[in-house]
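The following note concerns the fold and one ligand site of the model shown below.

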Amino acid sequence: MLRVAVPNKGALSEAAVGILSEAGYRKRADPKDLTVIDVANDVEFYFLRPRDVAIYVAAGQLDLGITGRDLAADSGAEVIEEVALGFGSSTFRYAGPAGQDWSVDKLAGKRIATSYPNLVRADLAARGIEAEIIRLDGAVEISIQLGVADAIADVVGSGRTLRLHDLTAFGESLCDSEAVLVRTAVTPEPSKAAERFVARVQGVVFGQQYVMIDYDCPKQLLDQAVLITPGLESPTVSPMANPDWLAVRAMVPRKKHQQLMDDLSELGARAILASDIRSCRF
Ligand SMILES: Nc1ncnc2c1ncn2[C@@H]1O[C@H](COP(=O)(O)OP(=O)(O)OP(=O)(O)O)[C@@H](O)[C@H]1O
Ligand SMILES: O=P(O)(O)OC[C@H]1O[C@H](OP(=O)(O)OP(=O)(O)O)[C@H](O)[C@@H]1O
Ligand SMILES: [Mg+2]
């Protein structure tokens with residue numbers, strides 16, 4: 001039976017469970033359940049802290065797991081990233097009190113509070129900077145005010161928490177993160193069952209990032225319309241009852257679809273429809 005780790009709570013949990021459900025896997029009945037056996041798909045799910053997921057997967061105890069790229073990097077566990085899941089996006093930044101002229105060099109000799117000590121230690125070592133790392137479990141932004149640190153290194157999503165605490169980020173991002181599906185590096189190749197699981201998850205994630213566009217196109221405008229909606233391989237073009245018109249169907253990136261619909265409309269296409277793709281395979 002394939003063994004898969006899923007975040008049991010926190011920022012990544014809900015979206016991870018949503019993708020797995022859309023991929024046809026069984027959900028847990030009670031949020032306190034730590035395991036679910038999906039007999040129909042021959043998969044056992046383990047609901048773990050996302051910070052621990054890469055450790056189990058790297059050790060080969062579990063075949064696959066969903067975690068954050070930053071959490072996996074900080075754990076030091078060796079895992080292979082199979083699918084970037086398109087949610088839980090963040091950067092990982094140094095920050096200090098606003099109004100001071102911060103730069104990474106100025107961290108030398110300072111106290112830096114963080115929940116990601118290994119990520120920070122590796123970055124400072126690569127820069128040849130010596131500083132004291134204060135390891136905290138969370139609410140890191142308050143640590144300067146409380147006098148235990150001079151600067152912090154933390155996850156930045158919207159940036160709201162930094163602003164609320166009068167902190168300013170500086171330096172490059174140490175890790176551009178999102179939720180990822182990782183697999184063990186113990187075996188060089190994934191098993192057939194792991195490959196199938198990855199394909200299902202990839203299919204749902206890909207479906208979320210694209211929409212299907214259908215439209216009616218005057219025959220003489222087809223070449224120009226195909227430039228607007230080239231599809232993945234090539235759009236599907238079908239005859240219509242009226243021989244002067246063609247029906248066209250193509251996948252387009254979700255982020256661009258409204259712009260592309262405007263372009264098609266201005267070109268002369270009609271009855272332009274966009275629909276969600278729930279899942280796909282390539
Ligand atoms: N705005 C955000 N806040 C927190 N984590 C975020 C945010 N955006 C993305 N993430 C990602 O979520 C993961 C952290 O997951 P975790 O479960 O620890 O979240 P959490 O909500 O901080 O939980 P807890 O605070 O209970 O430990 C990291 O990969 C982080 O990059
Ligand atoms: O840039 P923002 O959108 O404001 O989000 C970033 C904040 O969210 C997370 O904290 P969380 O709520 O998980 O609490 P924690 O610090 O206790 O983990 C993270 O550690 C930052 O503090
Ligand atoms: Mg947190």
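1. Helices (H or I, at least four residues) and strands (E, at least two) are taken as DSSP runs numbered from the N terminus. The model is predicted: local features need pLDDT of at least 70, side-chain atom pairs count only at pLDDT 80 or more, and totals for chains, interfaces and linings use all residues. Residues are numbered from 1 along each chain as its sequence is written, while chains are lettered from A and ligands numbered from 1 in the order in which they are written.

2. The shell around ligand 2 draws its largest share, three residues, from S9. At least two residues each come from strand S9 (151–156) and helix H5 (160–164).

3. Gly138, Gly157, Ser158, Arg160 and Thr161 come nearest among the 13 residues around ligand 2, a residue being near if its C-beta atom, placed from the backbone, lies within 6 Å.

4. An open sheet of six strands runs in the order S2-S3-S1-S4-S11-S5, with mixed pairing; two strands pair if DSSP finds at least two bridges between them. Strand S2 (35–38) and strand S5 (79–84) are the edges, each pairing on one side only.

5. Strand S1 (residues 2–7) is joined to strand S4 (residues 64–68) by two bridges in the parallel sense. Alanine 5 is placed opposite glycine 65 in S4.

6. Helix H1 (residues 13–22) lies across S1, S4 and strand S11 (179–184), at about 145 degrees to S1. Axes are lines fitted to C-alpha atoms, for helices over the stretch in contact, and angles run from 0 to 180 degrees between N-to-C directions; contact requires C-beta atoms, placed from the backbone, within 7 Å.

Methods
Two residues are in contact if their C-beta atoms, placed from the backbone, lie within 7 Å.
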